Structures are given as C-alpha cells and as structure tokens.
Amino acid sequence: MPTNAPIKSAIEFKQAADKTVVDSRARFRQALCCVVEQRRGQYPDERNCEDILHDLGDELPLQAPWQLPAASQQPSNLTVILVSGVLWECVSGTVNPFGAGKGEEASAADYDYLKPHFPVVEVVKVAGRASSKYNGKIVADAIHESVLHYPNNDIVVVAYSKGAADTLEALRQMGEASAVPANLKALVTTTGAIYGSPLGDELDGIYKTLFAKLPWPSCRPVDDQPIESISRSARMHWMADHWNELPKGIRYYSLGVYDAPENQHWALSPLSKHLAKFDARNDSHMIYSDQILPESQLLGYIKADHWSFVLPFNRNKHPFWRPFFNDNNAFPREVLFESLLRYVEADMSEANAAELP
C-alpha cells in the first residue's frame with residue numbers, strides 16, 4: 001500500500017479535494033423522479049422518489065431549467081462496465097450488481113430491462129479476495145477487451161464499493177503505461193471506497209486470522225489484502241499519492257449511500273451502529289463523506305444499506321441466500337440504474353455539445 005504521504009498531508013488532500021466536488025443533486029433528483037414515474041408498475045420493489053433519495057435540505061437549486069431526455073428506443077453507443085466489491089465473486093452465481101436477480105447463469109437476461117437503449121452491459125469478474133492492485137489489472141484488461149469488441153462505443157464504468165478502489169487503480173496502471181483508451185469517458189462510483197472505511201483498519205487482522213483461511217472454491221484467496229485495500233489509512237494515502245497522476249479527460253460521478261441502522265439488514269445493523277462512533281450517516285461499511293470522488297458530480301445519497309441498493313438477494317430463489325439476505329433487501333434497482341445511465345449519457349452529451357465550436 002502507498003505510504004508516501006504523511007497522514008496530515010492525506011487529510012489536507014481530502015479537505016481540498018472535497019471542495020472540488022460539484023453539487024448535481026437537484027439535477028439527478030429530477031432525473032430519478034422522472035424515471036420513477038415513467039417506470040411505475042413495471043418492476044417489483046417500487047418506491048416513490050422521496051423514499052429513494054435523502055433530502056438534506058442543502059441542495060443547490062437548478063440554475064436553469066433542465067429535463068431528462070426521453071427514453072430512446074434506439075441503441076446507445078455506451079458500453080457499461082460494472083465492477084463490484086469485496087467477496088462479490090463468492091456470490092456471483094447468485095446475484096449480479098444492479099441485476100434483476102437471475103444470477104450469473106442468466107447474466108445477459110439480468111440486464112434485459114435496459115434494452116433496447118442500453119444493450120451492452122458487462123460485469124467484470126474481479127477477484128473477491130484480492131487487493132486493489134491485483135484487481136486493477138483485471139479491470140484494465142476488461143476495459144481494453146471491451147474496446148476490441150465495441151471500438152466505436154464510449155465506455156462508462158460503474159463501480160460499487162471496493163470496485164471503485166479497484167477501478168481507480170486500473171486508471172493509475174493504464175496511465176502509467178500510456179494505455180488509456182480514448183473512448184473511456186466516465187467513472188460512476190456507488191458507495192465507493194474512495195477514502196476507505198474505519199472498519200477496514202479494524203477488521204483486517206480478523207480477516208487475515210480467520211476469514212482468509214476459509215475454503216471457498218468459488219473465490220479463492222489471492223493475496224490476503226482485500227480488506228487492507230479499503231482501510232481508511234490505505235485509501236487516504238493512495239488518494240493523496242496518486243489522484244493527481246490519474247489520466248485526464250474522464251468525467252466522474254459519485255452516488256453516496258446511507259441509512260439508519262433499523263432500516264439495514266440485521267447483519268449490517270451492528271456494523272452501522274459501530275461506524276456511528278465516527279458518523280451516523282453510513283451504510284454499515286462506508287461513511288457517507290468518504291464515498292465521494294474529487295472533481296466529481298455529487299448525484300445524491302441513496303436511502304439504503306451497503307447491499308440492498310445494488311445486490312438483489314431478495315429476488316433470488318436460492319434456498320440459502322434468499323432467506324438469509326432477504327431482510328431489508330428490497331429496493332428499486334432497475335429504476336436507480338436506468339436513472340444513473342440516462343443521466344450520465346445526457347450529461348456527457350451536453351458537455352460534448354458545449355465543446356463544439
């Protein structure tokens with residue numbers, strides 16, 4: 001793990017970086033509410049818009065009228081690449097991130113709800129028990145492979161949890177090798193491990209002593225560093241050391257997540273209460289303010305725990321996974337994911353139009 005920056009410098013970096021974040025919560029709220037109404041009655045686990053997004057009462061008002069473009073029936077030129085987090089590989093046969101809950105065997109069908117407009121959605125099989133340095137190469141290779149398959153498409157990476165740290169490491173590795181594809185346009189992080197979690201610092205020793213040695217054929221241990229990679233110490237230092245080295249020209253978007261412990265899965269609620277010693281606004285794994293990329297558009301804060309908004313355990317019929325994980329797991333994932341993609345597509349289109357002479 002990088003340790004060049006003194007902790008004081010790392011903290012100062014975060015304080016300065018937080019000031020570069022653009023408040024786009026009002027625009028994204030408008031986009032989400034639009035999709036909620038357009039898709040009403042189409043998907044399970046429906047919620048009203050105000051039950052999906054927190055309203056902290058401090059959103060900057062829209063400076064000019066803005067409306068999400070209508071849903072198109074024409075195929076988009078976006079390739080959407082999903083990068084998931086710690087241990088997802090271990091349950092990848094059960095749930096796909098933002099999927100409909102049909103599991104890996106039906107992974108293509110898991111994203112049918114985005115068709116015909118977003119026909120290309122790929123899930124990167126990162127190692128569930130590996131460091132971000134190891135997974136960074138997997139993510140970089142997946143991006144290059146996607147360019148070969150869809151050379152004319154723009155690439156948007158949507159990274160969840162530790163997947164954000166893995167993707168940032170992929171950007172660093174590609175930049176260092178001068179191998180950044182020109183059509184890699186955006187990174188969207190959802191409860192991203194940007195500045196790490198205090199739990200990572202506290203639980204790394206327990207993981208290496210107990211959990212790392214458990215036999216789990218579907219996700220074998222690689223380097224015993226998945227938890228260390230998302231510790232607050234490691235991530236704060238990494239950001240201070242490497243953020244300014246990352247390739248330029250990529251647009252960044254951040255979606256935060258948190259909820260009260262009583263609204264979280266029973267297994268996550270104790271972690272949330274523990275994190276409340278640092279900040280009550282957490283999703284059981286991450287404090288809300290540690291989830292936001294520098295220089296990104298802040299899209300808002302979702303009312304959910306670390307699992308429910310992205311992993312559809314409640315849709316799965318597996319006799320073990322569904323009963324165990326179903327508690328507080330219902331969430332309108334289809335609506336949220338479509339809103340994210342349509343917002344990013346519209347925002348990039350506006351930015352491109354503004355750059356034209």
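User: How many disulfides does the structure hold?
Analyst: Two, a disulfide being a pair of cysteine sulfur atoms within 2.5 Å. The model is predicted, so local features need pLDDT of at least 70 and side-chain atom pairs count only at pLDDT 80 or more, while totals for chains, interfaces and linings use all residues. Residues are numbered from 1 along each chain as its sequence is written, and side-chain values use heavy atoms, with hydrogens and water left out.

User: Which cysteine does Cys33 pair with?
Analyst: Cys49, with the sulfur atoms 2.0 Å apart. The torsion about that S-S bond is about -80°, so the disulfide is left-handed.

User: Is Cys49 buried or exposed?
Analyst: Cys49 is buried at 7% relative accessible area, whereas Cys33 is partly exposed at 27%. Buried means under 20%, exposed over 50%, partly exposed in between (1.4 Å probe, protein chains only).

User: And what does Cys90 join to?
Analyst: Cys219, S to S 1.8 Å. Here the torsion is about 100°, so the disulfide is right-handed. The two cysteines are 129 residues apart, Cys90 in the loop between β2 and β3 and Cys219 in the loop between α5 and α6. Helices (H or I, at least four residues) and strands (E, at least two) are DSSP runs, numbered from the N terminus.

User: How buried is that pair?
Analyst: Cys90 has 8% relative accessibility and counts as buried; Cys219 is buried at 0%.
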